[in-house]
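Here is a protein model for a first look.

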Amino acid sequence: QEKFAEATPLLEKALLSGGSAITPLVLADALRMQGKFEDARRYSQVAVRTLMDDKLNETRLAGGEWYFNYLSEKPGDGESWKRGVYAQGLPRKQAMAQFSFALDSALCGNEADAAAAIKKMREKEPTEDMEEYYANKLRAAIQFGGLKKEDPRVLKFGELLMQRPGADSKA
């Protein structure tokens with residue numbers, strides 16, 4: 001009661017997330033597919049902040065089972081969306097949000113934030129079983145976001161993803 005200052009940021013997060021932290025992630029996907037990388041980054045960051053907030057991660061904002069369809073990889077692609085991945089536990093949801101934030105950060109030229117988000121993604125959940133899902137997001141961003149495979153931001157993001165914990169990144 002009467003903890004308005006404490007409640008305000010929580011309410012702002014709830015409002016922005018539309019009742020679930022999945023909403024800003026899906027919005028980030030849609031914006032990324034339009035080449036609106038700064039806007040996508042803003043919404044993927046909302047999802048990260050929501051899912052990493054201990055006060056919120058036991059609420060409906062982070063709860064429930066999520067299903068993420070794969071994104072279309074080319075115009076007229078009627079098959080990709082039929083596949084997807086489930087996110088049941090909080091660590092997987094956090095990892096997925098960190099991936100989106102890493103991708104959006106890299107596409108905005110913010111390599112430091114991208115690298116930090118990838119590190120956090122791996123801390124939350126190893127990516128081996130999620131690699132195809134993550135690759136789909138990157139292919140869709142290239143196809144629909146106005147990028148080229150040889151774009152320096154795409155290449156740098158690929159390098160960051162390939163670095164494994166404990167490996168010498170300077171080699």
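What follows is a set of questions and answers on this predicted model.

Reader: Where in the protein is confidence lowest, and where is it highest?
Author: The average pLDDT is 84, and 86% of the residues score at least 70. Where pLDDT is low, the predicted coordinates should not be read in detail. The lowest confidence, a mean of 60, falls in helix 1 (residues 4-17), and the highest, at 95, in helix 4.

Reader: What share of contacts between residues at least 6 apart in sequence join residues at least 24 apart?
Author: The protein has 171 residues, and 44% of them count as buried. Now take the contacts between residues at least 6 apart in sequence. The share that joins residues at least 24 apart is 65%.

Reader: How far apart are the end C-alpha atoms of helix 6?
Author: Helix 6 covers residues 131-144, which is 14 residues.

Reader: What covers the buried residues of helix 6?
Author: Buried residues here are Tyr-133, Tyr-134, Asn-136, Lys-137, Leu-138, Ala-140, Ala-141 and Ile-142. Both strands take part in the cover, strand 1 (66-69) and strand 2 (84-87). The helices in it include helix 2 (22-33), helix 4 (90-107), helix 5 (111-124) and helix 7 (152-162).

Reader: With which side chain does the side chain of Glu-73 make a polar contact?
Author: Glu-73 lies in the loop between strand 1 and strand 2. Beyond four places in sequence, Glu-73 touches Ser-80, Arg-83, Asn-136, Arg-139, Gln-143 and Phe-144. The polar contact, at 2.8 Å, is with the side chain of Arg-139.

Reader: Which helix gives the most to the lining of the largest pocket?
Author: The largest pocket holds about 230 Å³ of space. Twelve residues line it, and Glu-131, Tyr-134, Ala-135, Leu-161 and Met-162 lie nearest its centre. Helix 6 and helix 7 each supply at least two lining residues. With five residues, the top contributor is helix 6.

Definitions and conventions:
Residues numbered from 1 in each chain as written. Predicted model: local features only at pLDDT ≥ 70, side-chain atom pairs only at ≥ 80, totals over all residues. Heavy atoms only, no water. Helix = DSSP H or I, 4+ residues; strand = E, 2+ residues; numbered from the N terminus. Expected span 1.5 Å × (residues − 1). Buried < 20%, exposed > 50% of the residue type's maximum accessible area, 1.4 Å probe, protein only. Contact = heavy atoms within 4.5 Å. pLDDT = per-residue confidence, 0-100. Polar contact = N/O pair within 3.5 Å; in protein donor to acceptor, adjacent residues only side chain to side chain. 1 Å grid on protein atoms, 1.4 Å probe; cavity = no way out; pocket = protein on both sides within 12 Å on 5 of 7 lines; lining within 4 Å. Points joined across faces, edges and corners; volume = space filled by probe spheres on them.
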